[in-house]
Amino acid sequence: MRLTFPLRQAPAFQLHKLPWKPTVLKIYGVQISVHTRKVIVAALMKGLRHEVIPVVPVIPGNPPANWRELSPTGHIPVLSDGDFTISDSAAICAYLERLSSQPSLYPEVARDYALALSLEQYAGTLFREVVRPLFHETVVHPKMRGVATDQKKVDAVLNEVIPEMFGYLERVAGEEFFAGRFMTVADIAVASNLTTYQYLGFDLDRRRFPRLAALYDRTVRQPAMREALRREEAVVASMGLHNDFLAASLA
Ligand SMILES: N[C@@H](CCC(=O)N[C@@H](CS)C(=O)NCC(=O)O)C(=O)O
């Protein structure tokens with residue numbers, strides 16, 4: 001009797017059947033923007049090839065003519081992957097996670113996962129209540145629009161908003177990262193806010209918020225975060241922003 005072994009033919013490698021095309025992702029935004037940096041760090045962490053296309057919405061006339069088609073809110077960042085375009089850093093990070101699951105931006109454990117998403121949202125509030133008003137009062141108004149800084153607004157953020165918002169982050173910061181043992185989207189989102197906040201010359205008070213400051217240092221020392229910060233050095237210098245704080249955090 002002749003034994004025959006059915007030889008299963010290996011399926012031919014079909015590029016178009018890959019879940020994603022190995023195109024170079026386009027990230028529209030500026031490196032020093034809180035939400036653009038978050039997406040850049042996520043792409044770097046996953047080793048996804050990308051280029052940053054400069055768009056500065058606060059400069060009138062700067063965004064491309066079709067900007068509203070790319071970004072329904074007018075905000076940065078926007079991501080293009082071939083013929084697919086998506087706005088909002090949270091949606092973009094979720095998309096990048098599906099393109100490449102490792103290393104993950106999200107914790108595995110249900111409670112940590114929920115906490116990471118909650119803190120990602122909280123970082124959005126931190127931007128709107130703290131970083132955005134400080135950026136507008138100290139950079140956009142005096143340096144781009146010829147409008148004097150409203151010191152009362154700055155003081156209200158520093159004296160009324162920050163104690164509460166940084167205070168919450170201090171309470172939930174632990175010995176590791178915000179939601180487990182590894183850096184997640186929560187850490188990236190919060191650290192991105194704290195970076196731009198300090199670029200503006202404001203202090204992350206290490207005596208008052210020691211756990212938050214230590215978590216910030218742990219986060220910026222992660223290779224993807226470190227690389228993103230290295231890549232934005234030229235923009236920071238050209239804008240005359242403060243970056244002396246980083247040397248100690250990265251040491
Ligand atoms: N929820 C949005 C917020 C994006 C956002 O606020 N981006 C800021 C820069 S970090 C922006 O576009 N500011 C320009 C403006 O307000 O006109 C996200 O997560 O992407």
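Reader: By class, how many nonpolar, polar and charged residues does the lining of the largest pocket have?
Author: This is a predicted model, and in it the lining of the largest pocket has 16 nonpolar, 11 polar and 5 charged residues.

Reader: And what volume does the largest pocket have?
Author: The largest pocket has a volume of about 890 Å³, and of the 32 residues that line it, those closest to the centre are Ser-33, His-35, His-75, Ile-76 and Phe-127.

Reader: Which element gives the largest share of that lining?
Author: That is α4, from which 11 residues of the lining come; the elements that give two or more residues to it are α1 (34-45), α3 (89-99) and α4 (110-144).

Reader: OK, what about the second largest pocket, what is its volume?
Author: The second largest pocket has a volume of about 360 Å³, and 19 residues line it, with Ser-104, Arg-181, Phe-182, Met-183 and Thr-184 the closest to its centre.

Reader: Switching to strands: in which sense do β3 and β4 pair?
Author: Strand β3, residues 78-81, pairs with strand β4, residues 84-87, in the antiparallel sense over 4 bridges, and Leu-79 stands opposite Ile-86 in β4.

Reader: Which residue takes a positive phi in that hairpin?
Author: Gly-82 does, with a phi near 65°, in a hairpin that has 2 residues between the strands.

Technical notes:
Residues are numbered from 1 along each chain as its sequence is written. This is a predicted model: local features need pLDDT of at least 70, side-chain atom pairs count only at pLDDT 80 or more; totals for chains, interfaces and linings use all residues. Side-chain values use heavy atoms; hydrogens and water are left out. On a 1 Å grid over the protein atoms alone, a cavity is a set of points where a 1.4 Å probe fits but cannot get out, and a pocket is an open set with protein on both sides within 12 Å along at least five of seven lines; lining residues have an atom within 4 Å of a point. Grid points are joined across faces, edges and corners, and a volume is the space filled by probe spheres set on the points. Ala, Val, Leu, Ile, Met, Phe, Trp, Tyr, Cys and Pro count as nonpolar, Asp, Glu, Lys and Arg as charged, and the others, Gly among them, as polar. Two strands pair if DSSP finds at least two bridges between them.
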